[in-house]
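Dear colleague,

I am handing over the structure that follows, and below it I have set out what was found in it. Please keep the sequence and the 3D view open while you read.

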Amino acid sequence: MIMFCLLCDSQEKLYDGLCKKCYLNEFEAIKLPEYTTFTVCSHCGATLKKNKWQQVGYYDDEIINDAIQKNIEVNPKLEDVDIYTQIINNRGTVYECIIHVSGNVIGTAINREYPIEVKVEKGVCPDCSKYYSGYYEAVIQLRADDRKLLDEEIRKADEFISNEIQRLCKTNKLAYVTERIVLKEGIDYQVGSHNAAHKIVVNLQKQFGGTITQSRKIVGHDKSRSKDLYRSWILLRLPSFNKNDFISYEDKIIRIEKIGSHKFSGINLNDYSTESISWKEYDNIKKIADINDIKTTTVTNMTPNEIQILDPDNYDTVDLKRLDVMNNLNIGEQINVIKIQDRIYVILDDN
Ligand SMILES: [Zn+2]
Ligand SMILES: [Zn+2]
């Protein structure tokens, strides 16, 4: 019996009832929809890749290719398949693409092109949805011990935190401040990420000194991950003193010169040596005077062992032990002194 091609009546060898030419003409290399989509966060531009939001490193070509691949079906009869997509045009949220398919079928190499549209769908990634809902994991509490924060300190801290946020948000989407709250006792910064808040406070302390204390509380429960949700409060307590203030520590009177991250240091007015004190000792120190308590007086006499000055309050003469560091003083010279608990200390500024 002679078989004929169903389409052209040819008597050649048939494939599924068709001659080779008609079979190849009719052959669909892939099945594809009219269009396919991918999802982009309308706030931050993150792209959804296989159920995971990608912030960086997921480029247009790969996104389009993935969006197409997930929606096309390759004809199982096609062998040695090679597919690549080409973006022809981009009109706003629509990419016009061509899918190039090549392979072998019934021993013949074929190349096909299929147009497809790839549309951008707007979504909101979980990080942005947290941000827009005001979600925060931590509160940075900026305070000063035993005094009000100075305007200057607040301004510097604001600037510092904003720079830190800008740096951290590149790698941590929850590094944002939802709210900055001015309170009688200081400033609260509500921060999306606990990690970011912690890093900021550690760096803030390096700049400003002070002590950090932390507490946390359960504020809810994440059913989907069966995890408790915590919020932490990270308190940076700036010292009661500033540079040039006078503190008492053990039985010493110290004029603060440097405020560092691990310790603060100053001049011990008993012998003019430098004292360094760890922040761990903070609760054992007390601010006792500041620059406004400094008074000026006159050196009235100097002997090998003593220096005589006038008490700035009542002009009585006072004899102090003469130390080597005072050798540059001269009789009649105006000097700065501080009177603490009825004792007068000479301040050697160029020391
Ligand atoms: Zn035919
Ligand atoms: Zn987003």
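Predicted model: local features only at pLDDT ≥ 70, side-chain atom pairs only at ≥ 80, totals over all residues.

**What was found**

Residues are numbered from 1 along each chain as its sequence is written, and chains are lettered from A and ligands numbered from 1 in the order in which they are written.

Strands pair, in the sense used here, if DSSP finds at least two bridges between them, and strands (E, at least two residues) and helices (H or I, at least four) are DSSP runs numbered from the N terminus. On β21 there is a further antiparallel pairing, with β22 (residues 306-310), made through 3 bridges, and here V299 has I309 of β22 as its bridge partner. The link between β21 and β22 is a hairpin of 3 residues.

Turning to the chain as a whole, its secondary structure amounts to 5 helices and 25 strands. Its radius of gyration, taken over C-alpha atoms, is 39 Å, well over the 20 Å that the globule rule gives for 351 residues, so the chain is more spread out than a compact globule; the rule is 2.2 Å times the number of residues to the power 0.38. The C-alpha trace spans about 140 × 45 × 30 Å along its principal axes. Of the 351 residues, 22% are buried, a word that applies when 20 or more other C-beta atoms, placed from the backbone, lie within 10 Å of a residue's own, whereas 12 or fewer make a residue exposed and the values in between make it partly exposed. Among the contacts with a separation of 6 or more, 52% come from residues 24 or more positions apart, a contact being two residues whose C-beta atoms, placed from the backbone, lie within 7 Å.

The domain assignment gives domain 1 (14-125), domain 2 (134-238) and domain 3 (259-347), and bounds of this kind come from an automatic or database assignment. The centres of domain 2 and domain 3, taken over C-alpha atoms, are 39 Å apart, and 4 residues of domain 2 are in contact with 6 residues of domain 3. The side of domain 2 that touches domain 3 consists of 3 polar residues and 1 charged residue, with no nonpolar ones, where Ala, Val, Leu, Ile, Met, Phe, Trp, Tyr, Cys and Pro count as nonpolar, Asp, Glu, Lys and Arg as charged, and the others, Gly among them, as polar.

One open sheet has 5 strands in the order β12-β13-β11-β15-β14, with mixed pairing. β12 (177-183) and β14 (211-222) stand at its edges with a single partner strand each, so one side of each has no neighbour in the sheet. The average twist from one strand to the next is 15°. Strands β14 and β15 (residues 227-238) pair in the antiparallel sense over 11 bridges, and Q214 stands opposite I234 in β15. Helix α5 (residues 194-208) lies across β11 (138-144), β13 (186-191), β14 and β15, and runs at about 10° to β15; angles run from 0 to 180 degrees between the N-to-C directions of axes fitted to C-alpha atoms, for helices over the stretch in contact.

W233, which lies in β15, counts as partly exposed with 15 C-beta neighbours inside 10 Å, and it touches V139, Q141, Q214 and S215, leaving aside residues up to four places away in sequence. L183, found in β12, is exposed, with 10 other C-beta atoms within 10 Å. From C-alpha to C-alpha, W233 and L183 are 15 Å apart in space and 50 residues apart in sequence.

Another open sheet takes 5 strands in the order β19-β18-β17-β16-β20, with antiparallel pairing. Its edges are β19 (273-278) and β20 (285-289), each with a single partner strand, so one side of each is left without a neighbour in the sheet. The twist there averages 45° from one strand to the next. β16 (residues 246-249) runs antiparallel to β20 and is joined to it by 4 bridges, with S248 opposite K286 in β20.
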